[in-house]
Every structure is written in C-alpha cells, then in structure tokens.
Amino acid sequence: MKLIIAFLALIGGAAVAIQSQINAQLSKKVGVLEGATTSFLVGAVALFFLAFFFGKGNFLNVFNVPKWQLIGGLLGALFIVVNIFSVNLIGVAATLMAVVIGQIVVGAIIDHFGLFGGEVFPLNTTKFIALTLMFVGIYLFNKA
C-alpha cells in the first residue's frame with residue numbers, strides 16, 4: 001500500500017511540474033493573477049463535480065470546523081501565483097526545487113513541534129544535515 005501511495009505522490013509531483021509550465025504560458029497571454037484565477041477556477045469546477053458525484057462527506061459541515069482550517073485555499077492561491085511568477089523568471093526546475101525545499105523545511109518544523117494538531121516527529125542531526133544538503137543542492141543547481 002505504501003508503494004501505491006508513493007507512486008500516486010510521484011504522479012502528483014509530475015502534475016505540479018506540468019501545471020507550472022502550463023500556468024506560466026497561460027499567464028503570458030492573460031496575466032499572472034488572471035492565469036492563477038483561471039487555473040483555480042477550472043480546478044474548483046472539476047473538484048465540485050467530483051465531490052458532487054463521488055464525495056461521501058457533507059459540504060455543510062464546513063460551517064462546523066475551526067475557521068483557521070479554511071485558509072488552505074488561500075495558501076493554494078498564494079502557491080499558484082508565486083509559482084507562475086517564478087517559473088517565468090527562473091524556470092520550472094529551479095522553481096520546483098525551491099518549492100520542495102520550502103515544503104520540507106516547513107514540514108520538518110510542523111513535524112518537530114506537532115503543529116496544527118499533527119503528530120510529533122522530532123528533528124534530529126541526520127534530518128538537519130539532509131536539509132542543509134538540500135540547500136547546497138539548490139545553490140549548485142542555480143549556479144550552473
């Protein structure tokens with residue numbers, strides 16, 4: 001099961017790389033914010049229909065969750081805008097390297113402290129060295 005989940009995550013990562021370039025090209029024709037809005041709108045419509053036909057939850061329960069849990073969409077919108085802007089200036093690979101490092105560093109902090117209701121997975125020396133090597137990697141990649 002873990003192998004299947006890892007494969008799905010790999011497909012998701014590939015989709016982000018493809019999406020980054022597609023959105024960057026779209027933004028050249030319609031503008032960065034307009035491209036991000038269009039991307040989000042198309043995705044929202046697709047998700048609405050998937051949830052409507054295949055979902056098992058209840059949209060009305062959104063009124064019963066803590067309000068801070070609703071900012072995920074804002075963070076996603078921020079990601080799309082920054083991604084489009086960055087790809088147009090430094091390319092897909094450099095942008096995604098920075099994105100992945102940002103995700104892992106913040107993920108390590110979230111895990112270390114168990115933030116947002118998560119489990120605690122302490123940061124240790126080996127993990128810190130791995131994070132440092134990632135920064136060296138992005139430096140070398142962008143220097144080339």
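A residue is called buried when its relative accessible area is under 20%, exposed when that area is over 50%, and partly exposed in between (1.4 Å probe, protein chains only). The structure is a predicted model, in which local features need pLDDT of at least 70 and side-chain atom pairs count only at pLDDT 80 or more, while totals for chains, interfaces and linings use all residues. Residues are numbered from 1 along each chain as its sequence is written, and side-chain values use heavy atoms, with hydrogens and water left out.

Helices are DSSP runs (H or I, at least four residues), as are strands (E, at least two), numbered from the N terminus. Val 82 belongs to helix H3 (residues 72-90) and is partly exposed, at a relative accessible area of 42%. Between Val 82 and Val 32 there are 9.0 Å in space, C-alpha to C-alpha, and the two are 50 residues apart in sequence. Asn 23, in helix H1 (residues 2-30), has a relative accessible area of 6% and is therefore buried. Apart from residues up to four places away in sequence, Asn 23 touches Ser 39, Ile 80 and Ile 84, where contact means heavy atoms within 4.5 Å.

Rings of Phe, Tyr and Trp (its six-membered ring) pair if their centres lie within 6.5 Å; planes under 30 degrees apart count as stacked, over 60 as edge-to-face and the rest as tilted. The whole structure holds 5 aromatic pairs. Phe 49 and Phe 53 are a stacked pair because their planes lie at 15 degrees, with ring centres 6.4 Å apart. These two residues are 4 residues apart in helix H2, so about one helical turn separates them. Phe 49 is partly exposed, at 42% relative accessible area, and Phe 53 is exposed, at 56%. Trp 68 and Phe 116 form a tilted pair, 5.8 Å centre to centre with 35 degrees between the planes. This pair links distant parts of the chain, 48 residues apart: Trp 68 is in the loop between H2 and H3, and Phe 116 in the loop between helix H4 (92-113) and helix H5 (125-143). Trp 68 is partly exposed, with 44% relative accessibility, whereas Phe 116 is exposed, with a relative accessible area of 60%. One aromatic cluster is formed by Phe 48, Phe 49, Phe 52 and Phe 53. Phe 53 lies in helix H2, which covers residues 32-54.
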